[in-house]
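Please look at the salt bridges in the model shown here. The report takes them pair by pair.

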Amino acid sequence: MTVAIDLPEPSAPPAAELQDSVAGDVVHDAVAADPVHDSVLRDAREFGAYARTGGWAFALKVARSVRPGGQAAGETPKVSAKEFSELAGCSAERVMRYYKAWDKASDDGLVPLFEALVPGEDIELPDADVWLTYYTSRSSATSERGTAITAAAEAEGIRPTKALEVAENPTALRAAILADPGTAQAARSALLDRLKEDPALQTELARDIARTDELKKAVASETRAADRIGYVRQIVENGQIRTPAGQTVEAPAELRAEAERHLSLLDELDDSEEAGEWATEAYDTVKGLVVQAVEADPELRVQERRTKFYSSLQKATKVFEELTLDDADDIYEDDMVQRLEALQSAIGSCITALRKASPAN
């Protein structure tokens with residue numbers, strides 16, 4: 001069923017003076033040449049009115065005909081939103097969206113209050129440009145979720161209706177991400193921003209990665225590259241090196257200069273370039289220079305050997321301290337005793353060697 005809704009006639013004179021210059025010229029020429037059919041003239045005038053006011057033209061019809069809350073039916077010729085929607089052949093929800101837009105605008109003093117409007121009365125309407133500031137074409141915008149999306153859209157400088165449309169069509173969003181690298185990149189950036197303030201999403205994403213072999217490998221590779229770059233960066237920024245035995249000492253000038261050179265190459269890489277091979281080369285080069293620096297310094301070399309020995313001794317001691325032999329009868333194997341006897345002999349030889357090297361001797 002086609003339902004005709006009368007639009008308010010503009011306050012401007014007939015077609016010859018319509019604000020739209022092109023439409024006005026066309027109608028003017030037609031009037032001059034031959035009388036214009038009433039229906040054509042009416043369409044042109046309504047088009048001009050809507051071009052200037054946009055949705056305000058329809059909002060006025062709702063505002064002056066729908067009874068505001070708190071006003072009894074006998075007090076006014078206006079009808080309820082439900083009755084108005086039935087007369088118009090549309091949903092009451094759609095009528096209320098226009099009603100709420102007018103209500104917000106009246107709060108800002110842009111349009112008159114409902115009580116001041118009379119059915120059939122025309123008034124001067126705001127420009128069409130400000131209509132979308134007050135009108136929300138989707139009911140989801142009034143929900144808590146919609147309110148959040150609207151606020152985020154406004155913060156990004158885009159129309160909330162665009163963001164709401166995307167949010168209401170996740171399948172379309174998925175298709176765009178799958179088909180378009182640019183959309184996928186925008187989605188990735190948005191997810192990274194959201195992850196910072198959404199612990200639940202962090203957990204879900206981590207779980208997804210852990211369950212996907214390809215992603216696990218990619219994460220491990222990127223983590224390894226990041227660690228290696230961090231190793232080189234630490235030498236450049238702190239001027240210190242960490243030896244294989246775990247000592248932290250001042251980095252030689254030549255080593256630090258080489259680390260700076262590799263780091264500058266890494267920092268010049270674009271986000272789209274793989275850093276893995278560059279990071280490995282930088283790490284291996286600097287690591288090799290660290291070993292050379294240790295070997296080139298006699299005092300440092302001795303300290304390195306001493307540190308390694310103590311580290312191994314502490315590990316072995318901890319292992320034996322954690323052994324419990326309360327259930328020796330259950331776990332006994334001849335091989336165990338043989339291994340311990342060989343270990344005892346090795347420890348004895350070690351003790352003998354250390355005592356011979358003792359300064360007291």
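## Basis

This is a predicted model: local features need pLDDT of at least 70, side-chain atom pairs count only at pLDDT 80 or more, and totals for chains, interfaces and linings use all residues. Residues are numbered from 1 along each chain as its sequence is written, and side-chain values use heavy atoms, with hydrogens and water left out.

## Salt bridges in total

A salt bridge here is a side-chain nitrogen of Lys or Arg within 4 Å of a carboxyl oxygen of Asp or Glu. By this rule there are eight salt bridges.

## Asp122 and Arg64

Asp122 pairs with Arg64 in a salt bridge, N to O 2.9 Å. Asp122 lies in the loop between helix 5 (92–107) and helix 6 (131–134), and Arg64 in helix 3 (residues 56–65), so the pair ties together parts 58 residues apart in sequence. Helices are DSSP runs (H or I, at least four residues), numbered from the N terminus.

Arg64 is buried, at 8% relative accessibility. Asp122 is partly exposed, at 39%. The cut-offs are under 20% relative accessible area for buried, over 50% for exposed, and in between for partly exposed (1.4 Å probe, protein chains only).

## Asp267 and Arg233

The closest N and O atoms of Asp267 and Arg233 are 3.1 Å apart, in a salt bridge. This pair links distant parts of the chain: Asp267 sits in helix 13 (residues 253–267) and Arg233 in helix 12 (residues 213–238), 34 residues apart. Asp267 is partly exposed, at 48%. Arg233 is also partly exposed, at 27%.

## Asp193 and Lys196

Asp193 and Lys196 form a salt bridge, with their closest N and O atoms 3.8 Å apart. Lys196 is exposed, at 66% relative accessible area. Asp193 is partly exposed, at 48%.

Note on methods
Helices (H or I, at least four residues) and strands (E, at least two) are DSSP runs, numbered from the N terminus.
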